[in-house]
Amino acid sequence: KAYGPAVEDVLNTEIPGITLVNPMGGKDARANAGSIYMSSGRFFLPHPVLAPWVWGYMDQHERFPRSANDDMVDMTSQFLVRLRKHGDQLATAMRALRGKS
């Protein structure tokens, strides 16, 4: 959150229309709110052979909150919380991208 405006300025040149999101609660609370997707088996990752970054991603999640690095956990939890709120809109957009109504 502290770096939001600076990051927005840099990214706006490469990704027009980026929107800042004001995180709600602390990282632990956000991770807990998003964890329902993971614990219910509704969260999928690519196989590490196809996406080697998955190993580090899973490692960071396994170590949370006792690790110095938690940015991927926080990013994921914010996405999942937003997905919960706007999931219908995302599903509609994905269908449109696939050419289905």
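Biologist: Which side chain does arginine 30 meet in a salt bridge?

Modeller: That of aspartate 74, with N to O at 2.7 Å. The pair links distant parts of the chain, arginine 30 in helix α2 and aspartate 74 in helix α4, 44 residues apart. Keep in mind that this is a predicted model, where local features need pLDDT of at least 70 and side-chain atom pairs count only at pLDDT 80 or more, while totals for chains, interfaces and linings use all residues. Residues are numbered from 1 along each chain as its sequence is written, and side-chain values use heavy atoms, with hydrogens and water left out.

Biologist: What makes the contact of arginine 30 and aspartate 74 a salt bridge?

Modeller: The rule asks for a side-chain nitrogen of Lys or Arg within 4 Å of a carboxyl oxygen of Asp or Glu. Arginine 30 and aspartate 74 have N to O at 2.7 Å, and that pair is counted. By this rule the count comes to 4 salt bridges.

Biologist: Why is arginine 30 called buried?

Modeller: Buried means under 20% relative accessible area, exposed over 50%, and partly exposed in between (1.4 Å probe, protein chains only). Arginine 30 has 10%, so it is buried. Aspartate 74 has 12%, so that one is buried too.

Biologist: What about lysine 27, which side chain does it meet in a salt bridge?

Modeller: Aspartate 71, at 4.0 Å, N to O. Lysine 27 lies in helix α2 and aspartate 71 in helix α4, so the pair ties together parts that are 44 residues apart in sequence. Lysine 27 is partly exposed because its relative accessible area is 31%, and aspartate 71 counts as exposed because it has 58%. Lys27, Asp70 and Asp71 are linked in a network of salt bridges.

Biologist: Where is aspartate 70, then, and is it buried or exposed?

Modeller: Aspartate 70 sits in the loop between α3 (53-63) and α4. At 16% relative accessibility it counts as buried. Leaving aside neighbours within four places in sequence, aspartate 70 is in contact (heavy atoms within 4.5 Å) with Lys27, Gln60 and Phe64.

Biologist: How do you know that the length of α2 agrees with a helix?

Modeller: Helices are DSSP runs (H or I, at least four residues; strands are E, at least two), numbered from the N terminus. The expected span is 1.5 Å times one less than the number of residues. For the 13 residues of α2 (residues 27-39) that gives 18 Å, and the end C-alpha atoms are 18 Å apart, so the two agree.

Biologist: Where is the kink in α2 centred?

Modeller: On alanine 33, with a kink of about 35°. The bend at a residue is the angle between axes fitted to the seven residues ending there and the seven starting there.

Biologist: Which helix do the buried residues of α2 pack against?

Modeller: They pack against α4 (71-97). Those buried residues are Arg30, Ala31, Gly34 and Tyr37.
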